[in-house]
Amino acid sequence: MKILVPIKRVIDYAIKIRVDPTKGAHGVQLNNVKMSMNPFCEIAIEEAIRIKESAAKAKKDAAEVVAVSIGPKQCGETIRTALAMGADRGIHIETKGDVRGDYIDLQPWGIARLLKGVVEKEENVDLVLLGKQSIDSDCGQTGPLLAGFLNSPQATFAAKVTMEDDGAFSVERETDTGTETIKLNPGHSPAVITCDLRLNTPRYPTMPNIMKAKKKPVQIISLEDMAKELGLDLDDVLKPRNEVVEVYEPPPRKEGEMVASVDELIGKLKEKGLVA
Amino acid sequence: MLAIRGIHNPSGRFSLRPPTMNDVQYFRSVLSRTERSILTDLMEIDGAGDYNDSGEELQRYNRDWTKTYHGSSSLVLRPQDTAEVSSILSYCHENYIGITPQGGNTGLCGGATPITNEIILSLEDLNNIHHLDPFSGILQCDAGCILQNLHDYANERGFLLPLDIGSKGTCQIGGNISTNAGGQYFFRFGGLHGTVMGMEVVLPNGEVLHFNMDIGSDVENNAKENGIKRSGSHRKDNTGYDLKHLFIGAEGTLGVVTKVAIACPALPSSRNAAFLICNSYDKVLHVIKAAKEDLGEILSAIEVMDWNTLQLVQSHGISVNEDNYGRNGLLGEILAAETSGESRPLYLLIETQGSNSEHDNSKMDAFLSRLFESCAIDNGFLSQDSKQMMEMWKIRESCNPSVARAGCVYKFDVSVPMKDYVDVAHEVDSDGNAHINIVPKLGNFDKDKSLAKLIENIVYSTVVSRNGSISAEHGLGQSKNSYLSKIKTKSTLEIMSQVKRIFDPRGIMNPGKYLPLCQ
């Protein structure tokens, strides 16, 4: 069984984002800022490893988990983290300096086209697990686009994934009105599932696994070479379909007002029209 | 009028008196915002005046964080600026009234709790942050600023406050300076003696002095008179006896610190943390040595914890064990991690900070590989992102509160030569390491005074026999000053008393604390 997990390197979720307003759409400061694996991608890796582990326990065929990332040299670290968590091997499609490794240049459409090529090149991929969205662009488009390109059954915002004996995947999805359960039957194309926060808690890589990860194979291929290999037009891959119009920081939170008594509080609330 | 029983100022020549309603009336006339600045349960002389509900609030100031020490002050003053601190002190000096300065009230030796009914002088309303110079990194602020707020202010401007302790959400920088607080950055940045550049203090007689600081009206006047250009606080200033060092760690016995200038390093863009598991103390020492060699200048913190402590964090810690969805957190995985199983494991939290994440990652990688291959560690966890790093620190910072929730704690904060830690721990039969927490009976919260004395004697004699310090970080306050005569020579103590007499001839500042009572 083969599970492909695309992972994205983004600004660490705990970092305060700084915006340089003079730089327009490119205003988000990336220099010297801590980067980590997108939290939803982490959840996807964790889910893939759990499926692999339960397949092993059920003495089915050994499952293989492949982590794929597209971006600059440092994406290699992100892949190493996935390997330390338990993925078996990695594929790094490396971009050069002139390609910004974030939502400006690498957009869902281009990524999904590349991933389609990787799935077809790999052959026999049963499942593609992705994070539901990345925390920099918040697009949430890569999974559904990929499913469209592959003609795959898809389920987004997965809160629970169960693999049935017949190879189908039963997915519980979070929606605004409640939980919906969908069964995906992969046939010629893999099932595509995007993962939501409640699906699992990613494990912490332990020292033995971190050491083992160094020996696991990672194939590094440049974006140009990969595009050529897959028969894709690189300009078409990089052409933006989403246009970033403006980037700005949210307005600062207004300071609260101190009041000295309950009467004053009521007075202020009335002033602001919050109570009758 | 009551005389304070049992309080002798070091010279023993004067006795101090507690405040009365007359004093309150005087303060009402000189302080602004009196409804805020004056908190008292003293009644009007003729019985008139509003009944006030100040009992609860007064108790808060009269009691320390560990709930060991209880004062009986009837008057808390909360001045709004340095000038008000000055008029309060000069009045008390004139009238021989004892004063206990108080910051965040998070101390562990009762230094901020009055012995009986001295006035409590709270610095909490002196909380303005003035300026952070973007080139020198020197931050100037009032003494009542909460440490966490200073951290946030500095971080927003790309700097790091070089002092970090568990109580940072409540403690104030003036208190930190007065107790020479250590904390987890001590290893990397050194203590406050190295990072404090300047200070504004108010002497017991009301005089305001500035040491290498340019904010304050008397400095401005001096500058105008002498045509000197004001130029802020400097990193280098070699002009005369450096008096500010006397105030660092003086625990409010020489005067009141009202403003501070502290030098901040640039905020590191790269931070990494690892939680390591060793099966013996020898291995722990080995790891510490390797960390200093392999990580070098990026090493910023080393914290050692033992199995007993982490067990208590797991059983009594709040929101440490689960994430928002009730699932097993990092602590669970740490305690479940495979070890050699020969003896109870010991744990280390190691943090690095630097300006280049690639450089730092490769150093950390080499360091951990070396440890693992040489079997110095049984297992470990390396943080992959900020969330995991914060969880590691949360476990460490939960140690003290969790132990406090388990039962009545007899706390000791001692320094011994590193190789002797574990011997000290075994002799005392306690939890081991520098912050020794002894919980004789889990679930029992009543302090047994005779047991406390017994434990104290055992711990201190063990420590002293190894030439250690009975107070590594927490200070003397009212809990340890009696030991001072056992560990300092007579001449040293005599000079300390003379210094005290120079600054505070009437002994009004924090009477009964710091120096031993009979001098």
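The dialogue below takes up the interface and then some charged pairs.

Author: This is a predicted model, in which local features need pLDDT of at least 70 and side-chain atom pairs count only at pLDDT 80 or more, while totals for chains, interfaces and linings use all residues. Residues are numbered from 1 along each chain as its sequence is written, chains are lettered from A and ligands numbered from 1 in the order in which they are written, and side-chain values use heavy atoms, with hydrogens and water left out.

Reader: How many residues of chain A are in contact with chain B?

Author: Contact means heavy atoms within 4.5 Å, and by that rule 26 residues of chain A are in contact with 31 residues of chain B.

Reader: Which salt bridge does Lys73(A) form?

Author: Side chains of opposite charge can pair when their charged atoms come close. The rule asks for a side-chain nitrogen of Lys or Arg within 4 Å of a carboxyl oxygen of Asp or Glu. Lys73(A) forms such a bridge with Glu358(B), the closest N and O atoms being 3.6 Å apart. Lys73(A) lies in the loop between β4 and α2 of chain A and Glu358(B) in helix α14 of chain B, so the pair joins two chains; helices (H or I, at least four residues) and strands (E, at least two) are DSSP runs, numbered from the N terminus.

Reader: Is Lys73(A) buried or exposed?

Author: Buried means under 20% relative accessible area, exposed over 50%, and partly exposed in between (1.4 Å probe, protein chains only). Lys73(A) is exposed at 52%, whereas Glu358(B) is partly exposed at 38%.
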